[in-house]
Amino acid sequence: GFGHDKSLEIRPYARLPADKRPTMFYAGDGVSDLSAARETDLLFAKKGHDLVSYCARENVPFTIFEDWSSILATVKKIVAGEQSVDEAAKEGFEMYKQGAAGVKPANGHAK
C-alpha cells in the first residue's frame, strides 16, 4: 500500500452532484499521490518527479509546478475564468512532450 490513501479524503467531494461539486485541485510528487491524482480535476505534478510520467502515460489531467507560487498563479487564473482546467492540463502535457517537465518523455524526443 501507499500508507495513507489520500484519495479516501477526496472521494466524498468527487462524488457530489455536479451542481454542488467543487473544482478539485491536488499537488503531489510521487507514488503516494497516485490514488488521489485520479480523483481530482487537475493535478499539479512536481517538475522532475515520476508523477509527471505516470500522469502522461495514464491520461490523468496534470500541469507542472515548481513551487507553491506557480500553483497559486494557475488556480487564480482558473477561478477568475482566464484559463480552464482543460487548458491548464493541456499546458502540462505539452511541457512533458517538449521535455520541459523535468522527465524524459516516453517517446524519447526531449529537447
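The legends below describe close-up views of a predicted model.

**View 1. The three-stranded sheet of the predicted model.**
Strands S1, S2 and S3 form an open sheet in the order S1-S2-S3, with parallel pairing. S1 and S3 stand at the edges with a single partner strand each, so one side of each has no neighbour in the sheet. On average, neighbouring strands are turned by 25° against each other, direction ignored. Strands of a sheet pair through backbone hydrogen bonds, either parallel or antiparallel.

**View 2. Strand S2 and its bridge partners.**
S1 and S2 run parallel and are joined by four bridges. S2 is mostly covered, with four of its five residues buried.

**View 3. Helix H3 between strands S2 and S3.**
S2, H3 and S3 make a right-handed β-α-β unit. In H3, which spans residues 50-58, the buried residues are Leu51, Val52, Tyr54, Cys55 and Ala56. An α-helix has 3.6 residues a turn, so residues three or four places apart point the same way. The buried residues of H3 pack against strands S1 (25-28), S2 (42-46) and S3 (62-65), and also against helices H2 (34-37) and H5 (85-97). Just after H3, Asn59 takes a positive phi of about 60°.

**View 4. The largest nonpolar core.**
This core has 19 residues. Those with the most contacts inside the core are Leu43, Leu51, Val52, Cys55, Phe62 and Tyr96. H2, S2, H3 and S3 are the elements that give two or more residues to the core, and H3 gives the most, with five residues. Leaving aside residues up to four places away in sequence, Val52 touches Ala45, Lys46, Phe62, Ile64, Tyr96, Ala101 and Val103. A second, separate core of eight residues includes Phe44, Phe65, Ile78 and Ala89.

**View 5. The salt bridge between Lys6 and Asp33.**
The structure holds seven salt bridges. In one of them, the side chains of Lys6 and Asp33 meet at 3.2 Å, N to O. The pair links distant parts of the chain, 27 residues apart: Lys6 lies in the segment before helix H1 (7-14), and Asp33 in the loop between S1 and H2. Lys6 counts as partly exposed because its relative accessibility is 26%, whereas Asp33 is buried, with a relative accessible area of 3%.

**View 6. The salt bridge between Arg11 and Glu39.**
The closest N and O atoms of Arg11 and Glu39 are 3.1 Å apart. This pair also links distant parts of the chain, with Arg11 in helix H1 and Glu39 in the loop between H2 and S2, 28 residues apart. Glu39 is buried, at a relative accessible area of 17%.

**View 7. The salt bridge between Lys47 and Glu66.**
The side chains of Lys47 and Glu66 meet at 3.7 Å, N to O. Lys47 is in the loop between S2 and H3, and Glu66 is in the loop between S3 and helix H4 (68-79), 19 residues apart. Lys47 is partly exposed at 32% relative accessibility, and Glu66 is exposed, with a relative accessible area of 53%. Elsewhere, salt bridges that share partners join Arg38, Arg57 and Glu58 into one network.

Notes. Residues are numbered from 1 along each chain as its sequence is written. This is a predicted model: local features need pLDDT of at least 70, side-chain atom pairs count only at pLDDT 80 or more; totals for chains, interfaces and linings use all residues. Side-chain values use heavy atoms; hydrogens and water are left out. Buried means under 20% relative accessible area, exposed over 50%, partly exposed in between (1.4 Å probe, protein chains only). Contact means heavy atoms within 4.5 Å. A nonpolar core is a set of buried Ala, Val, Leu, Ile, Met, Phe, Trp, Tyr and Cys residues joined through side-chain atoms within 4.5 Å. Two strands pair if DSSP finds at least two bridges between them. A crossover is right-handed if, with the strands pointing away from the viewer, the path from the first strand over the helix to the second runs clockwise. Axes are lines fitted to C-alpha atoms, for helices over the stretch in contact, and angles run from 0 to 180 degrees between N-to-C directions. A salt bridge is a side-chain nitrogen of Lys or Arg within 4 Å of a carboxyl oxygen of Asp or Glu.
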